[in-house]
Amino acid sequence: MAVRITHVRVEGFPEDHQHITSYKWVNEADNGSGTSTKPAMVEFIDIKKGRAYVGSGSSRVEVGVVRPQSAAPYLRTYADQQWTNNLLSLPRF
């Protein structure tokens, strides 16, 4: 299953990927939608082998899991073999 992340909730300052606490998403295959916490989305990608992305068409960017040594894992977009900031550009909820 793949979901398109449409909105993020950020708590804390500065607004950075580590401070995103939850995600709104849509499953375009069945028009389902929902909200997931950061740990749930990390599990969805890492353990359940789900896929998440931002954007659509030629501007679609995959979401991956970043695992810093001294902090909890978090999500970030990955394009052209580099981590990018597409999640931070999404609307807040």
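**A mixed sheet and the helix across it**

Seven strands make up an open sheet, ordered β3-β2-β1-β4-β5-β6-β7, with mixed pairing. Its edges are β3 (32-37) and β7 (82-84), each of which pairs on one side only. From one strand to the next, the twist averages 45°. The model is predicted.

Begin with β1. Strand β1 covers residues 2-10, strand β2 covers residues 20-27, and the two pair in the antiparallel sense over six bridges. H7 has K24 as its bridge partner in β2. R4 has V26 as its bridge partner in β2.

β2 and β3 form a hairpin, with four residues between the strands. In that turn, N31 has a positive phi of about 65°.

How enclosed is β2 by the rest of the structure? Six of its eight residues are buried, so the strand is largely enclosed. S22 is a residue of this strand. The relative accessibility of S22 is 6%; this is under the 20% limit, so S22 counts as buried. Setting aside residues up to four places away in sequence, S22 touches H7, V8, R9, T35, S36, T37, K38 and F93.

Return to β1 and look at β4. β1 and β4 run parallel, joined by three bridges. In this pairing, the bridge partner of A2 in β4 is R51. β4 then pairs with β5 in the antiparallel sense, over two bridges. Y53 has E62 as its bridge partner in β5. The hairpin of β4 and β5 has six residues between the strands, and G55 there takes a positive phi near 85°. Y53 has another partner of interest. R60 lies over the face of the Y53 ring, 3.6 Å from the ring centre.

Next comes the helix. Helix α1 spans residues 38-46. Helix α1 lies across β1, β2, β3, β4 (51-54), β5 (61-66) and β6 (74-79). Relative to β3, helix α1 runs at about 110°.

In soluble globular proteins, nonpolar side chains tend to be buried together.

Leaving aside neighbours within four places in sequence, L87 is in contact with I5, V8, Y23, V63 and L75, among others. The contacts of L87 also include H17, I20, V54, R76, T77 and R92.

Last, the aromatic rings. The structure holds one aromatic pair. Which arrangement do the rings of Y78 and W83 adopt? Their centres are 4.8 Å apart and their planes lie at 70°, so the pair is edge-to-face. The cut-off behind that label is over 60 degrees between planes. Y78 is partly exposed, with a relative accessible area of 37%. W83 is partly exposed too, at 39%.

How values were computed. Residues numbered from 1 in each chain as written. Predicted model: local features only at pLDDT ≥ 70, side-chain atom pairs only at ≥ 80, totals over all residues. Heavy atoms only, no water. Pairing = 2+ DSSP bridges. Axes fitted to C-alpha atoms, helices over the stretch in contact; angles between N-to-C directions. Contact = heavy atoms within 4.5 Å. Phe/Tyr/Trp six-rings, centres within 6.5 Å; stacked < 30°, edge-to-face > 60°. Buried < 20%, exposed > 50% of the residue type's maximum accessible area, 1.4 Å probe, protein only. Lys NZ or Arg CZ within 6 Å of the ring centre and 35° of its normal.
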